[in-house]
Amino acid sequence: MIHNYLKIAWRNLLKNKTHSFINITGLSVGMAVALLIGLWIWDEFSFDKNFEHYDRIARVMQHQTMNGDVGTQTNMPIPLGYKLREDYKGDFKYVVLSRTEGHIISVGDKKLGTQGNFMQPEAPYLFTFDMLKGARSGLTDPSSIMLSAKLAKSLFNDADPVNQLIKIDNKYVVKVTGVYKDFPSGSTLKDIEFVSAWDLYMTTSPFLKQFALHEWGNNSWDIYAELQPGASVEQLSAKIRDLKLNNLKLQGDKLGISFKPVLFLQPMSRWHLYSEYKNGVNTGGEIEFVWLFGIIGVFVLLLACINFMNLSTARSEKRAKEVGIRKTVGSLRSQLIGQFFSESIMLALVAFAISILLVQLTLPWFNGVAGKQVQVPWSSPVFWLAGLLFSLITGVIAGSYPAFYLSSFQPVKVLKGTFKAGRFASLPRRVLVVLQFTVSVTLIIGTIMVFKQVQYTKNRPVGYDRTGMVQIHMRTPEIHTKFSAFRQDLLRTGAVAEVAESGGPITSVWNDNSDISWPGKPPGLQCDFSVISISPEYGNTVDWKLVAGRNFSKGELSDSSAIIVNEAAVKFMDLKNPLGETIKWYKNFRIVGVVKDMVMESPYEPVGPAIFYMTSYMGNYIDIRLNPKMSDHQALGLIAPIFNQYDPEEPFDYQFTDKEYAAKFADEERIGKLAGFFTLLAIFISCMGLFGMASFMAEQRTKEIGVRKVLGASVLNLWQLLSKDFVALVVISLVLATPVATYIMNKWLLNYKYHTELSWWIIAATAAGAILITLLTVSYQGIKAAMANPVNSLKSE
């Protein structure tokens, strides 16, 4: 019986080539989209599962309250880590303090800028390093370092790196004690290229042992932990909840106490997908994108299934006699349903095979846009079983309505020739077409809004000039100690317009402080100021916009106690005449200037209060304004030899500020590109269905068109006749999709404090585009039918 079903299904597939082509193409594209999104979702849910004790690893986090708003952070004080290690051994198997930083790793003449961690000795056990050389015990020596396979290859080629000596930042000589396999791209530690001993890190600055080791209010480090078997994250979170607050009380740290810190553990399973907190509540994170694209994948596949349903039921009259004869000779309705399901499942299997090829072809582009390394798991039996199940489910969904509808025909009416589909027979098909275009229009509006939001934020005034700005991250003090001479030599080349030092990058804030007072500060008001150390040349280098006062000057000895604030700080402190006001920090400072707000962090958020001050400490960054009259390539060629002359141990690694700023939009642009891609495919599938429906309707109304043409109807009249029904359906879709898209996008925009609005022209442009696409799709069949010779359709009458 099954063999017979398949044979007839194959014959029908070959007999109706246009119908089969449209169905297979639509299903193939829909299934390819679903597969791509499915592979991406699987990769997202597999994040960090490379760690052996994934289900027992957690990181310590804290909620802190400021002026009634609760903020959440991963940064912790050093003494908390030691306290957990010493007093909670029965609850934690391992507790590890960690500091992630960029460093220069050098051996011989090779110098590489890398990202690394200083961690306590248990880190390789906690994160189950896959050791290629050496053992996991390699961090017990304070002068030890473990390298990733990639970094070891870059430094030593094929030589054995174990026991070799290398330098960190040209200051610390360490011995390689092991090489571990690179962490996969779906791992929190994917960018970590080396791990060195925590005890070495504690010797890198007197501040660490003298102050940070004992200060419970200094939050700059990460704490990871592995729970003992059987321990509960919730119970341990409750147990350590007030640990920091109690120790702040013992220290008498009134400022720290005022933030009411609450500690808790976040399990590794939630690090990647559930990283966002608002007002102390976990509101999601990447999981929102998983849901978004999962829903898109389901709807795109549904569009392809709707095509199959519509085209199959539209051809009902052509298959009515087949159903009548089968029932007459004894076929049960269940057997007919099985026959129709076999056809849809066969189509789905053929479409699945084609969709696999489409996925393989598009994966390089998809991975580039999504920032992934997803691959088709060709050798996985689970994948093929899931693919088979996926095809069966798709075939059943696509064939369900046609199977039950076609098998319900009465053989007496069919064989007597009195069977007619009825005036309401096309209603379900019309509803499905409306559903198709409602989904497509919603996707179109959503995609346009994503790009509009990105562009709106890109056009936001940033308070300085990004063009021609270059930043160099400094790890060694050589240039700082000779900065004046270095600057003069660069200016003499004509390649630069100005040079400055700063404590952090222009596109990020590395330090903040809450212990700041000013005249008229309300009692109990908490504050969080960004504090940026700069050299006097900084303002002219970044070309910030001075609102009042002046820039710093080397000639002014008093500028060592001067500060420049941004407009957000003036507003927050409610200063009517800020110039000359005294601000108390670790000493008294005087405001000498006010600048427009510089967007240094998220471009989607309001700029917070900031203080710029001068310091004699080494600047972490050198900021260079290139000469606009010289090409970047030529200017950098002149800068490099001078940089290498002053600091031969550090590589000339630079970043363009505009590119660093552009990277802040990467997530939203990625969403826009992927959504745009899937939207185009959804529109393509919908148009394929429209084309098939238009073809069938033109064929069904051939005689009517012939009669109308004989009676004097023009081609335009006939084109309008065949097109108006489809246009009406699309208009209904627009009416339904507009409020849905408006609600969804307005809710999405609320995630950004600095956001655009849904404009009327987006709705109008989408409506015009949808109607135009519909007319173009159905016009070919409409005009073809209208221009046909009526003699051919009426000669048999």
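These are my notebook entries on a few things I looked up in this predicted model.

**Entry 1: the whole chain**

I began with the overall make-up. The chain has 27 helices and 24 strands. Of its 797 residues, 51% are buried. I then looked at contacts between residues at least 6 apart in sequence, and 79% of these join residues at least 24 apart.

**Entry 2: cysteines**

How many disulfides does the structure hold? I found 0. Cys-527 is buried, with a relative accessible area of 1%. Cys-687 is buried too, at a relative accessible area of 12%.

**Entry 3: helix 9**

Next I turned to helix 9, which covers residues 243–251. Which of its residues are buried? I noted Leu-243, Lys-244, Leu-245, Asn-247 and Leu-248. A friendly reminder to myself: an α-helix has 3.6 residues a turn, so residues three or four places apart point the same way.

I also wanted to know what the buried residues of helix 9 pack against. Their partners are strand 1 (57–66), helix 3 (78–87), helix 8 (233–240), helix 10 (254–258) and strand 11 (262–267). Just after helix 9 comes Gly-252, with a positive phi of about 70°.

Most residues other than glycine have a negative phi. With that in mind, I looked up two residues that go the other way.

Asn-157 is not a glycine, yet its phi is positive, at about 55°. I found Asn-157 in the loop between helix 5 (149–156) and strand 7 (165–168). Asn-157 counts as partly exposed, with 47% relative accessibility.

Asp-169 is not a glycine either, and its phi is positive at about 55°. Asp-169 sits in the loop between strand 7 and strand 8 (172–180). Is Asp-169 buried or exposed? Asp-169 is buried, with a relative accessible area of 6%.

**Entry 4: helix 18 and helix 21**

Last, I followed a pair of helices. The axes of helix 18 (residues 483–493) and helix 21 (residues 632–646) come within 10 Å and cross at roughly 160°. An angle over 145 degrees counts as roughly antiparallel, so helix 18 and helix 21 are roughly antiparallel to each other. Their crossing is right-handed.

Which residues make the contact? From helix 18 I listed Ala-485, Phe-486, Asp-489, Leu-490 and Thr-493. From helix 21 come Leu-638, Ile-639, Ile-642, Phe-643 and Tyr-646. Sorted by class, the contact between helix 18 and helix 21 has 8 nonpolar, 1 polar and 1 charged residues.

Key: Residues are numbered from 1 along each chain as its sequence is written. This is a predicted model: local features need pLDDT of at least 70, side-chain atom pairs count only at pLDDT 80 or more; totals for chains, interfaces and linings use all residues. Side-chain values use heavy atoms; hydrogens and water are left out. Axes are lines fitted to C-alpha atoms, for helices over the stretch in contact, and angles run from 0 to 180 degrees between N-to-C directions. Helices (H or I, at least four residues) and strands (E, at least two) are DSSP runs, numbered from the N terminus. Angles under 35 degrees count as roughly parallel, over 145 as roughly antiparallel, 65 to 115 as roughly perpendicular and the rest as oblique. A crossing is left-handed if the near helix is turned anticlockwise from the far one by less than a right angle, and right-handed if clockwise. Contact means heavy atoms within 4.5 Å. Ala, Val, Leu, Ile, Met, Phe, Trp, Tyr, Cys and Pro count as nonpolar, Asp, Glu, Lys and Arg as charged, and the others, Gly among them, as polar. A disulfide is a pair of cysteine sulfur atoms within 2.5 Å. Buried means under 20% relative accessible area, exposed over 50%, partly exposed in between (1.4 Å probe, protein chains only).
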